[in-house]
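Biologist: I'm new to this one, so please pick a single part and take me through it slowly.

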Amino acid sequence: KAHPWKVSERATELQDVHRKGGGGDARLFAVEGEALDELGDEALDEEVGMDQKNREGRDTEEHGVEHVVEDGEGEEEEEGEEAPWAVTLLLSLLLLVYVGAEVGWGAIVSDYVQKAPLSWSREAASLVQACYWFTFTVGRGVGIPLSAALSPVAIITLDIALCFAALLLFMAWPTSTWAVWTCTVLLGFGMASIYPSAVTVPSHHGFRISSSATRLLVFGASAGELVVPTAIAFFVDTYP
């Protein structure tokens with residue numbers, strides 16, 4: 001079957017032949033024209049049918065994509081169950097204590113070593129403070145490949161063990177220079193990975209962290225940064 005543009009081209013040729021021939025066989029031309037008209041109508045019907053089928057196919061594909069997207073959204077909602085509030089509250093308290101201790105030691109260690117009986121110089125005090133933040137930065141960098149090998153709970157357990165070891169050492173020899181340096185290094189490494197590991201604990205166990213749970217975690221960390229260093233400074237000034 002010919003396409004409409006081919007039919008119209010053939011009709012134009014027949015008209016040219018009819019004019020040049022001085023009339024020619026009008027009957028033959030009429031029959032040929034009717035045949036071409038019928039052929040053109042069939043071609044147009046075929047084109048319209050094909051367009052309709054194409055539209056139906058596109059509609060079917062679009063509806064199929066919509067169903068797939070809706071099914072995918074339902075699966076995602078079923079996969080991520082919201083984390084229990086007890087877990088979120090405990091993690092928020094952990095961040096409160098952790099962030100407070102992190103900022104508190106970094107702020108108070110230089111003042112502590114400058115007082116008697118250590119009586120360090122200001123340069124040495126600044127150096128130990130810089131050492132703390134340097135080891136903290138290195139420890140957070142080391143925590144990136146470590147998180148691929150250990151679970152968040154395991155990393156938090158290891159960090160807390162380092163922090164307790166540092167505190168026990170500092171409590172045993174509070175006026176020792178080497179104890180202050182060792183405690184500073186251990187605390188820097190021990191506190192580095194607690195925050196990122198704590199916020200990934202729920203997702204590691206298949207829970208979803210909602211926006212309200214995220215606000216509670218951030219509030220706990222911010223409250224710790226405000227309250228704990230203030231309390232440390234108060235006790236240092238009261239009981240030097």
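Modeller: Let's take the largest pocket, where H3 gives the most to the lining, with eight residues. Before we go on, this is a predicted model, in which local features need pLDDT of at least 70 and side-chain atom pairs count only at pLDDT 80 or more, while totals for chains, interfaces and linings use all residues. Residues are numbered from 1 along each chain as its sequence is written, and side-chain values use heavy atoms, leaving out hydrogens and water.

A few terms, then. Helices (H or I, at least four residues) and strands (E, at least two) are DSSP runs, numbered from the N terminus. A pocket is an open set of points on a 1 Å grid over the protein atoms alone, where a 1.4 Å probe fits, with protein on both sides within 12 Å along at least five of seven lines; lining residues have an atom within 4 Å of a point.

This pocket holds about 690 Å³ of space, the volume being what is filled by probe spheres set on the points, which are joined across faces, edges and corners. Its lining has 27 residues, and Ala101, Trp105, Leu167, Leu187 and Ile232 are the ones nearest the centre. Two or more lining residues come from each of helix H3 (85-114), helix H5 (152-172), helix H6 (177-191) and helix H9 (211-238). Sorted by class, the lining has 24 nonpolar, two polar and one charged residues. Here Ala, Val, Leu, Ile, Met, Phe, Trp, Tyr, Cys and Pro count as nonpolar, Asp, Glu, Lys and Arg as charged, and the others, Gly among them, as polar.

Now look along H3: its 30 residues reach 44 Å from first C-alpha to last, close to the 44 Å expected at 1.5 Å a residue (1.5 Å times one less than the number of residues). Even so, H3 bends by about 40° at Ile108, taken as the angle between axes fitted to the seven residues ending there and the seven starting there.

H6 brings us back to Leu187, which is buried, as are Ala179 and Val180 among others in that helix; buried means under 20% relative accessible area, exposed over 50%, partly exposed in between (1.4 Å probe, protein chains only). The buried residues of H6 pack against H3, helix H4 (122-149), H5 and helix H7 (194-199).

Over in H4 sits Trp133, partly exposed at 33% relative accessible area. Its C-alpha is 9.7 Å from that of Leu187, 54 residues away along the chain. Neighbours within four places in sequence aside, Trp133 is in contact with Glu102 and Gly106, contact meaning heavy atoms within 4.5 Å.
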